[in-house]
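Please look over the sequence and the model before reading on.

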Amino acid sequence: YGKNGTINIYLSEITKEEVKSNIKEDLMITIQQINHFKKEIHRKGRILRNIDGFNDYLNLPKLDSKIDFEKVINSLEEFIKLGMVKTLPYDLIDVGPIFSKYFKKEKPFGEGKKKYEFPDAILLVLIENWCIKNNQKTYLISSDTDILNIESDYIIPVKNIGKFLGFVNRQELINAERFEWIEQIFIKNQNKISKSISEHFVEKIKDEYYSDIKISEVEVENIEFFDFSIIDEQESVFILQMDVDISFSLLVSYTDYANSHF
């Protein structure tokens with residue numbers, strides 16, 4: 001949507017640097033986990049070398065944190081370029097209101113972790129100043145509770161991208177009557193959708209456990225849908241997105257062989 005001009009996307013340098021920092025941290029954790037996996041599979045899985053199709057897993061390529069970080073960052077830059085994303089400059093920041101909110105403990109500042117909220121406070125002032133300067137309002141996508149509860153004449157907080165795309169698609173892709181028709185189809189088939197999600201969820205839970213842990217008696221007790229949105233339309237095929245809360249129970253058994261020689 002950014003590429004075709006349906007929406008204008010803005011990104012602050014603060015957010016961009018935070019994204020880079022998170023990428024670096026996630027990459028380091030991933031490298032540690034893969035190195036641990038390689039060590040374990042070489043120690044315990046040597047027999048797999050005799051079975052076709054497993055060598056690709058036993059001989060994983062070496063990871064280089066610096067080179068791989070640059071590759072991910074290049075991918076990020078390409079994504080930003082593709083979406084025609086514009087950068088909000090630092091020179092729009094006025095630190096006075098930020099410190100005023102800090103001392104008054106106003107959002108996004110609060111008790112306990114005030115100093116960690118400075119990037120958010122700077123970001124909010126930056127966006128609001130840009131809106132005032134350009135006589136615009138903007139949607140701000142964030143899952144942060146303090147940001148979602150801010151009061152502003154210019155900033156409209158939205159807690160996830162799906163909900164925002166729902167707003168866009170209601171205006172750009174479909175009329176209100178058609179939206180209600182699609183929503184009714186979803187409501188009518190909600191039980192079928194819940195059953196399908198339950199089945200896939202149970203399979204996923206059973207598949208994702210380590211060899212020493214046994215999962216059994218998985219039972220989905222309740223499924224709750226919320227934030228229903230139409231996020232895209234491709235040749236009259238509508239793509240829906242919603243959040244799902246799943247309440248479930250299961251039986252977990254674990255055998256520890258560490259002291260088996262006793």
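The structure holds 4 aromatic pairs, and the model in which they are found is a predicted one.

**Tyrosine 10 and tryptophan 130**

- The ring centres of tyrosine 10 and tryptophan 130 lie 4.5 Å apart with their planes at 50 degrees, so this pair counts as tilted.
- Distant parts of the chain are linked by this pair, since tyrosine 10 belongs to strand 1 (residues 10–12) and tryptophan 130 to helix 5 (residues 118–134), 120 residues apart.
- Tyrosine 10 has a relative accessibility of 30% and counts as partly exposed, whereas tryptophan 130, at 14%, counts as buried.

**Phenylalanine 186 and phenylalanine 225**

- Phenylalanine 186 and phenylalanine 225 make an edge-to-face aromatic pair, with 5.5 Å from centre to centre and 90 degrees between the planes.
- Because phenylalanine 186 lies in helix 8 (residues 176–188) and phenylalanine 225 in strand 5 (residues 213–234), the pair ties together parts that are 39 residues apart in sequence.
- Phenylalanine 186 is buried at 8% relative accessibility, and phenylalanine 225 is buried as well, with a relative accessible area of 14%.

**Lysines**

- The charged end of lysine 86 sits over the ring of tyrosine 10, at 5.6 Å from the centre of that ring, and tyrosine 10 is also the residue whose ring pairs with that of tryptophan 130.
- Lysine 24 has its charged end over the ring of phenylalanine 69, 4.9 Å from the ring centre.
- Lysine 16, which is found in helix 1 (residues 13–44), counts as buried because its relative accessible area of 13% falls under 20%.
- When residues up to four places away in sequence are not counted, lysine 16 touches Leu11, Glu77 and Ile80.

**The largest pocket**

- The largest pocket is lined by 42 residues, of which Asn8, Ile9, Tyr10, Tyr139 and Ile141 are the closest to its centre.
- Two or more lining residues come from each of strand 1, helix 1, helix 3 (65–82), helix 5, strand 3 (138–141) and helix 7 (161–172), and helix 7 gives the most, with 7 residues.
- By residue type, the lining of the largest pocket divides into 24 nonpolar, 12 polar and 6 charged residues.

Note on methods
Residues numbered from 1 in each chain as written. Predicted model: local features only at pLDDT ≥ 70, side-chain atom pairs only at ≥ 80, totals over all residues. Heavy atoms only, no water. Phe/Tyr/Trp six-rings, centres within 6.5 Å; stacked < 30°, edge-to-face > 60°. Helix = DSSP H or I, 4+ residues; strand = E, 2+ residues; numbered from the N terminus. Buried < 20%, exposed > 50% of the residue type's maximum accessible area, 1.4 Å probe, protein only. Lys NZ or Arg CZ within 6 Å of the ring centre and 35° of its normal. Contact = heavy atoms within 4.5 Å. 1 Å grid on protein atoms, 1.4 Å probe; cavity = no way out; pocket = protein on both sides within 12 Å on 5 of 7 lines; lining within 4 Å. Nonpolar A, V, L, I, M, F, W, Y, C, P; charged D, E, K, R; others polar.
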